[in-house]
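Student: I am new to this structure. Could you take me through it with a few questions?

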Amino acid sequence: MYSAYLAPISYYRTFLRECAVDAQSVGDERWQKQTLRNRCYIDSPSGPLSLTVPVVHPVPGALMRDVRISDHGEWRHQHWNALCSSYRQTPFFDYYEEDFRPFYEERRWTFLIDFNEELQQTVLSLTGLDDERLRTAFETSVRRETPYHQMFASRHGFLPDLSIVDLLFNMGPESVFWL
């Protein structure tokens, strides 16, 4: 597994199948521009919206663990506003809002890998995927591969493999059944 910013649903499906993440190798991977390491896609009233965490330009061949978040601009405020405007009306936004708000109001992360890791741990905790018994149960269960309810599907159809927050805000505790 690689470090990813609010990773897509397929990332968490892979997590379930592998049932482990080798944290040692995540930091040792090479930084790659224009990837999910610092970018996610959410649903918005006008279709898929890309959110990118700006980084201090790493030297060529830099390791992921050395990539710093740039505080240039108001990206945290913009990302939080985008999440709020896109998901405020979903059934579970209010339920999870306080879990995600600190990531956009606090500036306590210097490195992208640390920011991504804490976000991932939050998602794993909220979905219950950090529970080994649940992961084992999923190995023998049937996963839904069908579309779930999305807020703006009537405008632009179902958008597959968006950020995990799309699934969480729309389906809440039932999210695990779509992984």
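Student: At what angle do the axes of helix H4 and helix H5 cross?

Tutor: This is a predicted model, where local features need pLDDT of at least 70, side-chain atom pairs need 80 or more, and totals for chains, interfaces and linings use all residues. Residues are numbered from 1 along each chain as its sequence is written, and side-chain values use heavy atoms, without hydrogens or water. Helices are DSSP runs (H or I, at least four residues), numbered from the N terminus, and axes are lines fitted to C-alpha atoms over the stretch in contact, with angles from 0 to 180 degrees between N-to-C directions. H4 (residues 93-105) and H5 (residues 112-127) have axes that come within 11 Å and cross at roughly 175°.

Student: Why is H4 described as roughly antiparallel to H5?

Tutor: Angles over 145 degrees count as roughly antiparallel. The H4 and H5 axes cross at roughly 175°. That angle therefore makes H4, relative to H5, roughly antiparallel.

Student: Which residues in H8 does H4 meet?

Tutor: H8 covers residues 164-171, and its axis lies 8 Å from that of H4, at about 135°. Contact means heavy atoms within 4.5 Å. From H4 come Phe93, Tyr96 and Phe100; their partners in H8 are Val165, Leu168 and Phe169.

Student: Which residue forms a salt bridge with Arg107?

Tutor: A salt bridge needs a side-chain nitrogen of Lys or Arg within 4 Å of a carboxyl oxygen of Asp or Glu. By this rule there are 10 salt bridges. For Arg107, the closest N and O atoms are 3.7 Å apart, and the partner is Asp71.

Student: Where in the chain do Arg107 and Asp71 sit?

Tutor: The pair links distant parts of the chain, 36 residues apart. Arg107 is in the loop between H4 and H5, and Asp71 is in the loop between strand E2 (47-52) and helix H3 (75-87).

Definitions and conventions: Helices (H or I, at least four residues) and strands (E, at least two) are DSSP runs, numbered from the N terminus. Angles under 35 degrees count as roughly parallel, over 145 as roughly antiparallel, 65 to 115 as roughly perpendicular and the rest as oblique.
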